[in-house]
Amino acid sequence: MSHEFSLTSIPDLNGRYDIYGAVHKGLRKAGCDLLGRLGTADFQNAEETGFLIDDLRNYLMLAASHVNHEDEHIHMALADKGVSTVTLDEQHDDHRTAFRELEELIAAWEKARPLHKPACGRKLYLAFAAYIADDLAHMHEEETVTGPLLWRNFTYNEILGIEMRIIASLPPEKSMAFMRIMVPAINPVERAALLGAMKKDAPPAIFQAVIDFAVRPGLSASDFAQLADALRLAA
């Protein structure tokens with residue numbers, strides 16, 4: 001797959017809205033964590049590896065959802081402005097092919113006899129590594145090439161509105177799953193800003209559920225204490 005970006009041409013935000021930042025950080029961290037776990041997995045131990053496979057499937061589900069969100073909301077908004085997203089659309093199609101092929105490799109490991117499971121696991125590990133490598137390049141292109149296209153064609157509030165429409169389209173369980181991967185991946189200032197906005201706008205019960213089930217379990221005690229202090233939460 002070809003990519004259109006330069007490593008030395010990375011635009012500054014300069015106060016502009018970063019629609020890709022938090023979710024891409026979450027996908028990068030979660031994907032790289034999984035890659036490390038796949039590299040150290042004992043694929044002959046079906047019970048232990050089963051938990052890892054569940055996490056991998058969950059990650060691929062979120063990645064596929066993210067691709068669809070970008071197609072339906074970001075790419076369509078750009079198309080309405082006459083901006084071509086052909087290259088990104090082709091990359092997303094390649095992602096969808098990768099999701100199908102990775103699921104086939106997962107199923108092959110599940111069906112394999114014990115003696116053959118390590119070989120199937122190695123194929124899955126290498127295939128996922130190749131996917132992650134390509135996805136990292138793809139996300140970089142979106143943040144350094146597509147991001148500026150959004151800034152040139154939409155105001156800060158219009159880009160925020162696109163993101164709000166994506167969030168509104170998510171069922172609660174998927175929204176919580178995205179929060180679980182994003183919160184540990186962003187820095188303390190970004191974390192406080194994200195959750196501070198949620199505390200202000202979301203119903204208290206929903207905000208507390210996010211804290212209890214997505215935020216607290218994913219942070220160290222010190223990171224949570226810092227966040228609690230910033231948001232004036234009960235530690």
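# Exercises on pockets, cores and helices

The second largest pocket has a volume of about 420 Å³. A pocket is an open set of points on a 1 Å grid over the protein atoms alone, with protein on both sides within 12 Å along at least five of seven lines; a cavity is a set of points where a 1.4 Å probe fits but cannot get out; lining residues have an atom within 4 Å of a point. Grid points are joined across faces, edges and corners, and the volume is the space filled by probe spheres set on them.

The model is predicted: local features need pLDDT of at least 70 and side-chain atom pairs count only at pLDDT 80 or more, while totals for chains, interfaces and linings use all residues. Residues are numbered from 1 along each chain as its sequence is written, and side-chain values use heavy atoms, with hydrogens and water left out.

## Exercise 1

**Solution.** 

Step 1. Two or more lining residues come from each of α1, α2, α6 and α8. Helices (H or I, at least four residues) and strands (E, at least two) are DSSP runs, numbered from the N terminus.

Step 2. α1 contributes the largest share, 6 residues. Divided by class, the lining has 10 nonpolar, 3 polar and 5 charged residues. Ala, Val, Leu, Ile, Met, Phe, Trp, Tyr, Cys and Pro count as nonpolar, Asp, Glu, Lys and Arg as charged, and the others, Gly among them, as polar.

Step 3. Beyond its neighbours within four places in sequence, R180 contacts F213 and A214, where contact means heavy atoms within 4.5 Å.

## Exercise 2

State the volume of the largest pocket and the make-up of its lining.

**Solution.** 

Step 1. The volume is about 1400 Å³. Y17, E163, M164, I167 and L194 are the closest to the centre among the 42 lining residues.

Step 2. At least two lining residues come from each of α1 (21-40), α2 (46-80), α5 (156-168), α6 (172-182), α7 (188-201) and α8 (204-215).

Step 3. The lining comprises 30 nonpolar, 5 polar and 7 charged residues.

## Exercise 3

Which residues lie closest to the centre of the largest cavity?

**Solution.** 

Step 1. The largest cavity has a volume of about 70 Å³. It is lined by 14 residues, the closest to its centre being H66, V67, H95, D135 and H138.

Step 2. α1, α2, α3 and α4 each give two or more residues to this lining.

Step 3. The lining of the largest cavity contains 6 nonpolar, 5 polar and 3 charged residues.

## Exercise 4

Identify the residues with the most contacts inside the largest nonpolar core.

**Solution.** 

Step 1. A nonpolar core is a set of buried Ala, Val, Leu, Ile, Met, Phe, Trp, Tyr and Cys residues joined through side-chain atoms within 4.5 Å.

Step 2. The largest such core has 48 residues, and Y59, F128, Y131, L195 and V215 make the most contacts inside it. α1, α2, α3 (86-111), α4 (117-153), α6, α7, α8 and α9 (221-231) each provide at least two of its residues. With 8 residues, α2 gives the most to this core.

Step 3. Residues up to four places away in sequence aside, Y59 touches L27, A30, G31, L34, F128, Y131, I132 and D135. Another core lies apart from the largest one; it has 13 residues, including Y17, I19, W151 and F154.

## Exercise 5

**Solution.** 

Step 1. The buried residues in α9 are F224, L227, A228 and L231.

Step 2. An α-helix has 3.6 residues a turn, so residues three or four places apart point the same way.

Step 3. S222 and D229 are exposed on the face of α9 turned away from its buried side, and α7 and α8 are among what covers the buried residues.

## Exercise 6

Where do N14 and R232 lie, and are they buried or exposed?

**Solution.** 

Step 1. Most residues other than glycine have a negative phi.

Step 2. N14, which is not a glycine, has a positive phi near 50°. N14 is in the segment before α1 and is exposed, at 65% relative accessible area.

Step 3. R232, also not a glycine, has a positive phi of about 55°. R232 is in the segment after α9 and counts as exposed, at 78% relative accessibility.

Definitions and conventions:
Buried < 20%, exposed > 50% of the residue type's maximum accessible area, 1.4 Å probe, protein only.
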